[in-house]
Amino acid sequence: MSRDIDYGNLMHTAMRGLIKTVLADVAANGLPGAHHFFITFDTRQPGVQMADWLTDRYPGEMTIVMQHWFENLIVGEDGFSITLNFGDAPEPLYIPYAAILTFVDPSVEFGLRFETAEDEDDDEIGHIPAEPEPEEEPEVTQHDADVVSLDSFRK
C-alpha cells in the first residue's frame, strides 16, 4: 500500500497556524507599530458569519482591513471573530481560518496566499499577483555574487 505526503495541505495548516498565532498576539497586545492586515476571505465558505447586507454586497470574496479601528477580536481554534466599522456602523464577523484566501501585512511586505484547484485554472481578482517578470535580466558581475563550484562539495 502506498501513500503520499500531502505537502500542500500540511503547508496550508502551518500557514493558518501562523495567522492564528499573529491574531492571538494582536488580541492580547494590540497591533504593534505600523503593522496592519488585509485579509481576503471566501464569504461562501461554511462557517462565515456576517450581516446579510454584507453577504449581498460581497457574494464571493471580501477583504477586511485590520488597522485603526476594530473591536472584540476573539481568536478561536477554527476561526476568529472581530467587529469592524462599515460606514460608521460596527458589524461583527466570524471568519474560519479555512475561508482565508490571502493574509497581507503591507507594513513589512509579508503575505500569504492559499492556492486552490480553481486558482490553477484562472487567476481571480483579489489575490496577490505574482511578481512581474523583469524585462531584462540584470548583469551579474564578480562583485555582485560569488560563484561556488559544486565539485568542492562532492566526495
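In what order do the 3 strands of the antiparallel open sheet sit? The legends below start there. This is a predicted model, where local features need pLDDT of at least 70, side-chain atom pairs count only at pLDDT 80 or more, and totals for chains, interfaces and linings use all residues. Residues are numbered from 1 along each chain as its sequence is written, and side-chain values use heavy atoms, with hydrogens and water left out.

**View 1. The sheet of 3 strands runs in the order 3-4-5.** The sheet is open and its pairing is antiparallel. Strand 3 (70-75) and strand 5 (89-96) stand at the edges with a single partner strand each, so one side of each has no neighbour in the sheet. Neighbouring strands here are turned by 15° against each other on average, direction ignored. Strand 4 (residues 79-86) is joined to strand 5 by 8 bridges, and Phe80 stands opposite Ile95 in strand 5. Two strands count as paired if DSSP finds at least two bridges between them. Helices (H or I, at least four residues) and strands (E, at least two) are DSSP runs, numbered from the N terminus.

**View 2. A second open sheet has 4 strands in the order 2-1-6-7.** Its pairing is antiparallel as well. The edges belong to strand 2 (61-66) and strand 7 (110-113), each pairing on one side only. On average, neighbouring strands of this sheet are turned by 10° against each other, direction ignored. Look for the 6 bridges that join strand 1 (residues 37-42) to strand 2; Thr40 has Thr63 in strand 2 as its bridge partner.

View 3. For the angles, axes are lines fitted to C-alpha atoms, for helices over the stretch in contact, and values run from 0 to 180 degrees between N-to-C directions.

**View 4. Glu77 and Lys20 form a salt bridge.** Their closest N and O atoms are 2.9 Å apart. Glu77 sits in the loop between strand 3 and strand 4, Lys20 sits in helix 1, and the two are 57 residues apart. Glu77 is exposed, with a relative accessible area of 61%, while Lys20 counts as partly exposed at 25%. (Buried means under 20% relative accessible area, exposed over 50%, partly exposed in between, with a 1.4 Å probe and protein chains only.) A salt bridge here is a side-chain nitrogen of Lys or Arg within 4 Å of a carboxyl oxygen of Asp or Glu.

**View 5. Arg44 pairs up with Asp42 in a salt bridge.** The closest N and O atoms are 3.0 Å apart. Arg44 is exposed at 55% relative accessible area, whereas Asp42 counts as buried at 15%. A search of the whole structure finds 2 salt bridges.

**View 6. Ile5, Tyr7 and Leu10 make a nonpolar surface patch of about 360 Å².** Tyr7 is found in helix 1 (residues 7-29) and counts as exposed, at 59% relative accessibility. Patches are made of residues with over 30% relative accessible area and no salt bridge; like charges are joined within 9 Å, and nonpolar side chains (Val, Leu, Ile, Met, Phe, Trp, Tyr) within 5 Å. Accessible areas come from the Shrake-Rupley method with a 1.4 Å probe, and for residues only the protein chains shown count as cover.
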